[in-house]
Amino acid sequence: MTILVTGGAGFIGSNFILDWFEQGPEPVLNIDKLTYAGNLQNLATVSARKQYFFFRIGIEETNKIRRLLGAHNVRAIINFAAESHVDRSIAGPEAFFQTNVIGTLKLLEAAREYWTSGEAPKDFRFLQVSTDEVYGSLQPDEPGFRETDAFEPNSPYAASKAGSDHIVRAYGETYGLPVLITHCSNNYGPFQFPEKLIPLVILNALGGKPLPLYGDGQQVRDWLYVSDHCDALNRVLSDGQPGETYNIGGNSERNNLTVVHTICVILDELRPLASGKSYAEQIAFVRDRPGHDRRYAIDASKLARTLQWSPRTSFEGGIRRTVEWYLANPAWTTSVTSGEYREWVARQYA
Ligand code: NAD
Ligand code: DAU
């Protein structure tokens, strides 16, 4: 038996594969197109394992994926592959709909063919990794998102993820494909590409650059440490009910200004500036993101109640580990902050 992970060279997918091999030897097929966000270095510690297979394939390549499913007797697909950065979706939405909507449809076609042919194991699963952003934005005093909330996506990225979730659901209802959908909050941890807030701030701070906060910096996210997320996905995969949707949160709502301040305090301690100043002096309030969602929060009580899962990592513990990881891995950060990344940063923060 084997699992097939898509987007396994990205941030969460690579953490998932690394954690997977900590638990046992079940083989993993990693399918990744290697866009700017995919990085095989993330998997350097497992790439020589005989249970690990990498294929540079897009999720839209139905026939190739269909052949792999049969040849490797795949028992589960975990779909991480996506265009995932909200700001890039605002700058250029089309790629998001190509990969997140059409790509997911084509991947589902491979899964449907495999499932209906009778070749797939009886306990086959298709797990769609989605986001809390599909639910829209919350007022300060509103309760967290629940699985039954209507979708109200506000960015092209969120709309594309909502679209893909609807298709996954439809394949479950129409074709009986055993699908599971998860909606998680903002992940952070090792190997996150530094276009997202937390790694961007760590690297800008160390580089003596401004720490850009959009608008008033009071937007709230629920931060989920990536290995907790991977743990929850494993639980959903093994014990989740086909056709069900599960929210995954970190129990760690923080506003962006607090997040950035927390990082600065840790850096002041671990890598003090020669000037004696605080990194917090580099904070710069910049033009707000168009359509910026004010607050996300997750009600993860369904996961706690039905699958006995809740997050283990506090925000304070997780953010310290994350800063330590970036400080300990300068070669990784240098390699990902090359040409294309610099061009993006120059355009976005001009
Ligand atoms: P990421 O951008 O770091 O990685 C995405 C990966 O998908 C990359 O390796 C990329 O090369 C690959 N990819 C892109 N297009 C592809 C295609 N057509 N075919 C095959 N591979 C392709 O993203 P991430 O942060 O690891 O997010 C993983 C998943 O989790 C995404 O579906 C995202 O929507 C979802 N999610 C992420 C977060 C978060 O905070 N990062 C939160 C909620 C949900
Ligand atoms: O909520 C889950 C989502 O979290 C995922 O679905 C997305 O894939 C992931 O990218 C993330 O989206 P966000 O837009 O919330 O993450 P980002 O790191 O881009 O931004 C976090 C917050 O920080 C958000 O309120 C915008 C703000 N921000 C971000 C950047 C990059 C800034 O203030 N300045 C910045 O430079």
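A polar contact is a pair of N or O atoms within 3.5 Å. That cut-off is needed for L34, where a polar backbone atom lies 3.5 Å from an oxygen atom of ligand 1. The model is predicted.

**Ligand 1**

Ligand 1 is surrounded by 30 residues. The closest are I12, D32, S84, Y157 and K161. K161 places a polar side-chain atom 2.7 Å from an oxygen atom of the ligand. T99 also contributes its side chain: a polar atom there lies 3.4 Å from a nitrogen atom of ligand 1. For L34, the polar atom belongs to the backbone.

**Ligand 2**

Ligand 2 has 24 residues around it. T131, D132, Y157, R289 and Y349 are the closest. Y157 is also listed among the closest residues of ligand 1. Toward ligand 2, the side chain of Y157 has an N or O atom 2.6 Å from a ligand oxygen. T131 brings a polar side-chain atom to 2.7 Å from an oxygen atom of ligand 2. E133 has a side-chain N or O atom 2.9 Å from an oxygen atom of the ligand.

| Residue and atom | Ligand atom | Distance |
|---|---|---|
| L34, polar backbone atom | ligand 1, oxygen | 3.5 Å |
| T99, polar side-chain atom | ligand 1, nitrogen | 3.4 Å |
| K161, polar side-chain atom | ligand 1, oxygen | 2.7 Å |
| T131, polar side-chain atom | ligand 2, oxygen | 2.7 Å |
| E133, side-chain N or O | ligand 2, oxygen | 2.9 Å |
| Y157, side-chain N or O | ligand 2, oxygen | 2.6 Å |

**Helices α1 and α7**

Helix α1 spans residues 11-23, and helix α7 spans residues 226-239. Their axes are 9 Å apart, and the packing angle is about 65 degrees. The two helices are therefore roughly perpendicular to each other. The crossing of α1 past α7 is right-handed. On the α1 side, the contact uses F11, I12, N15, F16, D19, W20 and Q23. On the α7 side, it uses V226, S227, H229, C230, L233, N234 and L237. By class, this contact has 8 nonpolar, 5 polar and 1 charged residues.

**Helices α2 and α4**

Helix α2 (residues 62-71) meets helix α4 (residues 94-116) at roughly 40 degrees, and their axes come within 9 Å. That angle makes α2 oblique to α4. The crossing is right-handed. From α2 come T62, I65, R66, L69 and G70. They face K106, L107, E109, A110, A111, E113 and Y114 of α4. The contact of α2 with α4 has 6 nonpolar, 2 polar and 4 charged residues.

**Helices α6 and α8**

Helix α6 covers residues 197-206, and helix α8 covers residues 256-270. Their axes come within 10 Å and cross at roughly 40 degrees. α6 and α8 are therefore oblique to each other. Their crossing is right-handed. L197, I198, V201, I202, A205 and L206 form the α6 side. N256, V259, V260, I263 and L267 form the α8 side. The contact has 10 nonpolar residues, 1 polar residue and no charged residues.

Definitions and conventions: Residues numbered from 1 in each chain as written. Chains lettered and ligands numbered in written order. Predicted model: local features only at pLDDT ≥ 70, side-chain atom pairs only at ≥ 80, totals over all residues. Heavy atoms only, no water. Axes fitted to C-alpha atoms, helices over the stretch in contact; angles between N-to-C directions. Helix = DSSP H or I, 4+ residues; strand = E, 2+ residues; numbered from the N terminus. Parallel < 35°, antiparallel > 145°, perpendicular 65-115°, else oblique. Left-handed = near helix turned anticlockwise from the far one by under 90°. Contact = heavy atoms within 4.5 Å. Nonpolar A, V, L, I, M, F, W, Y, C, P; charged D, E, K, R; others polar. Near = heavy atom within 4 Å. Polar contact = N/O pair within 3.5 Å; in protein donor to acceptor, adjacent residues only side chain to side chain.
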